[in-house]
Amino acid sequence: MKQKIISFFLLLFLFSLVYLPFLTGSVLAQSGDPVTDNLIATKNAAGLPEAELTSVVGGIIKVFFGILGVLLVIYFLWGGYTWMTAAGEPDKVKKAKEMLRNAIIGFIIVFISYSIALFVMVNLKAATT
């Protein structure tokens, strides 16, 4: 069971590494040489929107915290499942309570981190425009 969970998280991690580079949706390049002009022409032909660096970084941060949120939900469910299947065994109940406590602490940390990142990105965007 533990091996299946580890391989699931490893697969989820590898999937996120493959998926994240395709979320930016823009080409950040300077014009003036043929290669850059071709990149801009390709971007325009694909209909990709113009994006500032703060928007791209903000999008990456949102995806990162979204993945962390999904992992926290899985951890909550795992702790709840462990508690429900404990059948009154004190060791399993204790383990499940620790898992749920750790998930709550993780949720608080992720929420505060997301709030700080959002505050910084909004103020950075306001300061640079």
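Read along the sequence, the protein chain of this predicted model follows the pattern α-α-α-α. It holds four helices and zero strands.

Of the 129 residues of the protein chain, 17% count as buried. The chain exposes about 9700 Å², and carbon and sulfur atoms supply 73% of that area. Among contacts with a separation of 6 or more, 62% are between residues 24 or more positions apart.

A nonpolar patch is present on the surface, with about 960 Å² of accessible area together. Its members are Phe76, Ile104, Phe107, Ile108, Phe111, Ile112, Ile116, Phe119, Val120 and Leu124. Helix α4 provides the largest share of the patch, nine residues. Leu124 is one of the patch members and is found in helix α4. The relative accessibility of Leu124 is 40%, a value that lies between the limits of 20% and 50%, so the residue counts as partly exposed.

The C-alpha atom of Gly106 is separated by 9.3 Å from that of Gly69, although the two glycines are 37 residues apart along the chain. When neighbours within four places in sequence are left aside, Val93 is in contact with Trp83, Ala86 and Gly88. The C-alpha atoms of Val93 and Gly80 are 9.7 Å apart in space, with a sequence separation of 13 residues.

Aromatic side chains were examined next. The structure holds four aromatic pairs. One of them is formed by Phe64 and Phe65, with 5.5 Å from centre to centre and 65° between the planes, an edge-to-face arrangement. The two partners are assigned to separate accessibility classes: Phe64 is partly exposed, with a relative accessible area of 48%, whereas Phe65 is buried, with a relative accessible area of 14%. Phe65 also pairs with Tyr114; the ring centres are 5.7 Å apart and the planes stand at 85°, so this pair is edge-to-face as well. Tyr114 has a relative accessible area of 30% and is partly exposed. Through these ring pairs, Phe64, Phe65 and Tyr114 are linked into a cluster.

Methods:
Residues numbered from 1 in each chain as written. Predicted model: local features only at pLDDT ≥ 70, side-chain atom pairs only at ≥ 80, totals over all residues. Heavy atoms only, no water. Contact = heavy atoms within 4.5 Å. Patch = residues over 30% accessible without salt bridge, like charges linked within 9 Å, V, L, I, M, F, W, Y side chains within 5 Å. Areas by Shrake-Rupley, 256 points an atom, 1.4 Å probe, with all protein chains shown as cover. Salt bridge = Lys/Arg side-chain N within 4 Å of Asp/Glu carboxyl O. Helix = DSSP H or I, 4+ residues; strand = E, 2+ residues; numbered from the N terminus. Buried < 20%, exposed > 50% of the residue type's maximum accessible area, 1.4 Å probe, protein only. Phe/Tyr/Trp six-rings, centres within 6.5 Å; stacked < 30°, edge-to-face > 60°.
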